[in-house]
Amino acid sequence: MRAGIAFGSNLGDRLANLKAGRAEIVSLPGVELPTVVSGVYETEPVDCAPDTRKFLNAVIEIGYAGAGEELLRELRNIEKTHGRPAAHERNAPRTLDLDLLYFGGVQISQPDLQLPHPRMLDRRFVLEPLVEIRPDLILPGESATVAELLRRLPDATPLVKFAAEW
């Protein structure tokens, strides 16, 4: 199953945090290569406290031979090893944030897991890196590609690419 994962970091060495998280994900049991990786974008904080540092954001797509719930559990464990507590304030600063965006054509609505991710379609910092790697992707429950959904966002200001490769 192909799975999309969004990365975010705004504490410490942000790029190193993203790289470490990606290395841990690709070494998980059940992860099948190839991995598709967007560039890294520097973005303004959204719905965060004043004076919050800018984020670095990226998206990767992996193959995964397991269940979506299993993958989400692994992502939470990786966040925890990078200092993010399981119970945390929404939009609080973080060393590493990993969001499971989609898991093949699966739609799930559970308290701990909603797929596709319920807020991704409103977030340029998710859609723009996703469009870089999968512009023709149509998410479950949608009729438009992610590239079309990105063009529909009200703010048309493109993000600033921080690094093409990481």
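The model is a predicted one. In it, helix α3 is largely enclosed by the rest of the structure, because 9 of its 10 residues are buried, whereas the buried residues of helix α1 line one face of that helix, since they fall within an arc of 95° seen down its axis.

**Helix α3**
- Helix α3 runs over residues 124–133, and its buried residues are Arg124, Phe125, Val126, Leu127, Glu128, Pro129, Leu130, Val131 and Ile133.
- These buried residues pack against the strands β1 (2–9), β2 (31–37), β3 (40–43), β4 (55–64) and β5 (97–103), and also against the helix α4 (146–151).

**Helix α1**
- Helix α1 comprises 13 residues, 14–26, and spans 19 Å from its first C-alpha to its last, which is close to the 18 Å expected at 1.5 Å a residue.
- The residues of α1 that are buried are Arg14, Asn17, Leu18, Gly21 and Ile25.

**Arg94**
- Arg94 is located in the loop that lies between α2 (68–81) and β5, and with a relative accessibility of 10%, under the 20% cut-off, this residue counts as buried.
- The side chain of Arg94 is joined to that of Asp97 by a polar contact of 3.3 Å.
- When neighbours within four places in sequence are left aside, Arg94 is in contact with Ser9, Asn10, Leu11, Phe55 and Arg84.

Conventions: Residues numbered from 1 in each chain as written. Predicted model: local features only at pLDDT ≥ 70, side-chain atom pairs only at ≥ 80, totals over all residues. Heavy atoms only, no water. Buried < 20%, exposed > 50% of the residue type's maximum accessible area, 1.4 Å probe, protein only. Helix = DSSP H or I, 4+ residues; strand = E, 2+ residues; numbered from the N terminus. Contact = heavy atoms within 4.5 Å. Expected span 1.5 Å × (residues − 1). Arc of directions from axis to C-beta. Polar contact = N/O pair within 3.5 Å; in protein donor to acceptor, adjacent residues only side chain to side chain.
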